[in-house]
Amino acid sequence: MSDLNIFGKIDFVRNNRISRITIKIKPYGLIVNLPSKNTETEAKKFILNNQKKILARQERLKAKRNNTLINIDNDFKTLTFTVKSKYSDRNDVFFNLNNGVLNIEIPNNADILSDKTQEVCWKGINYFLKKEAKRVLPERVTTLAQQFGFKISDIKIQSSKSRWGSCSNKQNINLSFYLMLLPQHLVDYVILHELCHTVEMNHGEKFWNLMDKVTEGKTKKFRAEIKKYSIP
C-alpha cells in the first residue's frame, strides 16, 4: 500500500452514520470517512481503485489553490482594489481598504500559506468584494441595460460560487460578488449574458445571435477567456 503516499496525508475517520466509504479530496491529502462495517484496508483498496480520478481532482484543486493563494510577494487586483499582504506585529489578521488598496496584515508568528490563514484572509477579502460589488455592479447593469434596450425588474448581489450570474423568468438579474475578481470586459460579458436572458431564456440560436450583437461578435472569445477564471 506504499502507493498511497502519492495522495499526501490520509486521515481515516470512523462515522457510524454512513453506509459506504466516502472521500473528501484535498489538494495535498484525503479525508476518508469509514462506516462501521468497513476496515481501513478496504478503504485503502477503494482509494487505489479510484486512483486516477482522485489524482486528477487533486491536480485541479492544487491549480485552483495556487491561482487564489494570498502571498506576501504576490499582490493581485480585483475590479476596484488591489490586495497587498504583509507580516506585522499583531495578534490577529487585520484588513484596511484605503485609496483602492486592501492591506492585509498577518501576525509574525502565523504561516500565511497555511489553510487556516488563507481561509481568514479570504473571509476578509470576500467582505470587501461583496461591499464593492453592491456599490458598482447594479449601476453597471443599469447602464448596459439602457445602452442595449433591455428591461429588468431587480438586481441582486449574491455569494454564489457555482455561477457568475443568473436571470429569472421575472427579469431579475442575480450576480455573484465574485465577479469583482474578473477584468471589466468579462464582468460586462457576464452582465450582458444575463441581460440577453431577459429576452431569450434558453441558450438557443437566437440567444447567441443576440449575444454576438451586444458583444460585437466577441462572444466565443469571451466564453473561452472566462473559463480560465475560477471562484475561490
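A disulfide is a pair of cysteine sulfur atoms within 2.5 Å. With that cut-off in hand, welcome to a short tour of this structure, which is a predicted model.

**View 1**
A disulfide is a covalent bond between the sulfur atoms of two cysteines. Cys 196, in turn, is in no disulfide, with the sulfur of Cys 167 as its nearest cysteine sulfur. How many disulfides does a search of the whole structure find? The count is zero. Both residues are tucked away from the surface by the numbers: Cys 167 has a relative accessible area of 13% and is buried, while Cys 196 is buried at 0%.

**View 1. The second largest pocket and its lining.**
Here the focus moves to an open space of about 360 Å³, the second largest pocket. Rolling a probe the size of a water molecule over the atoms shows where empty space is left. The pocket is lined by 16 residues, and the ones closest to its centre are Gly 165, His 193, Glu 194, His 197 and His 203. Which elements give two or more residues to this lining? They are β9 (165-167), α4 (184-197) and α6 (219-226). Helix α4 provides the largest share, with five residues. Sorted by class, the lining is made of seven nonpolar, five polar and four charged residues.

Strand β10 (residues 172-176) is mostly covered, since four of its five residues are buried.

**View 2. How β10 meets its two partners.**
Strand β8 (residues 154-158) runs parallel to β10, and five bridges join them. Look for Gln 158, whose bridge partner in β10 is Ser 176. On the other pairing, β9 and β10 run antiparallel and are joined by three bridges. Gly 165 stands opposite Leu 175 in β10. The chain passes from β9 to β10 through a hairpin with four residues between the strands. In that turn, Gln 171 has a positive phi of about 65 degrees.

**View 3. A second open sheet, built from β1, β2 and β3.**
Three strands form this open sheet in the order β1-β3-β2, and their pairing is mixed. The edges belong to β1 (9-14) and β2 (22-26), each with a single partner strand, so one side of each has no neighbour in the sheet. Neighbouring strands are turned by 15 degrees against each other on average, direction ignored. Strand β3 (residues 29-34) pairs with β2 in the antiparallel sense over five bridges. To find your place along this pair, look for Ile 23, which stands opposite Val 32 in β3.

**View 4. Two loop residues with a positive phi.**
Most residues other than glycine have a negative phi, and most peptide bonds are trans. Asn 99 has a positive phi, near 55 degrees. Its loop lies between β6 (94-98) and β7 (101-107). Is Asn 99 buried or exposed? With a relative accessible area of 73%, Asn 99 is exposed. Glu 216 also has a positive phi, near 55 degrees, and it lies in the loop between α5 (205-214) and α6. At 67% relative accessibility, Glu 216 counts as exposed.

**View 5. Arg 57 on helix α2.**
For the last stop, find Arg 57 in helix α2 (residues 51-67). Its relative accessible area of 36% makes Arg 57 partly exposed. Phe 222 lies 165 residues from Arg 57 along the chain, and the C-alpha atoms of the two are separated by 26 Å.

Notes:
Residues are numbered from 1 along each chain as its sequence is written. This is a predicted model: local features need pLDDT of at least 70, side-chain atom pairs count only at pLDDT 80 or more; totals for chains, interfaces and linings use all residues. Side-chain values use heavy atoms; hydrogens and water are left out. Buried means under 20% relative accessible area, exposed over 50%, partly exposed in between (1.4 Å probe, protein chains only). On a 1 Å grid over the protein atoms alone, a cavity is a set of points where a 1.4 Å probe fits but cannot get out, and a pocket is an open set with protein on both sides within 12 Å along at least five of seven lines; lining residues have an atom within 4 Å of a point. Grid points are joined across faces, edges and corners, and a volume is the space filled by probe spheres set on the points. Ala, Val, Leu, Ile, Met, Phe, Trp, Tyr, Cys and Pro count as nonpolar, Asp, Glu, Lys and Arg as charged, and the others, Gly among them, as polar. Two strands pair if DSSP finds at least two bridges between them. Axes are lines fitted to C-alpha atoms, for helices over the stretch in contact, and angles run from 0 to 180 degrees between N-to-C directions.
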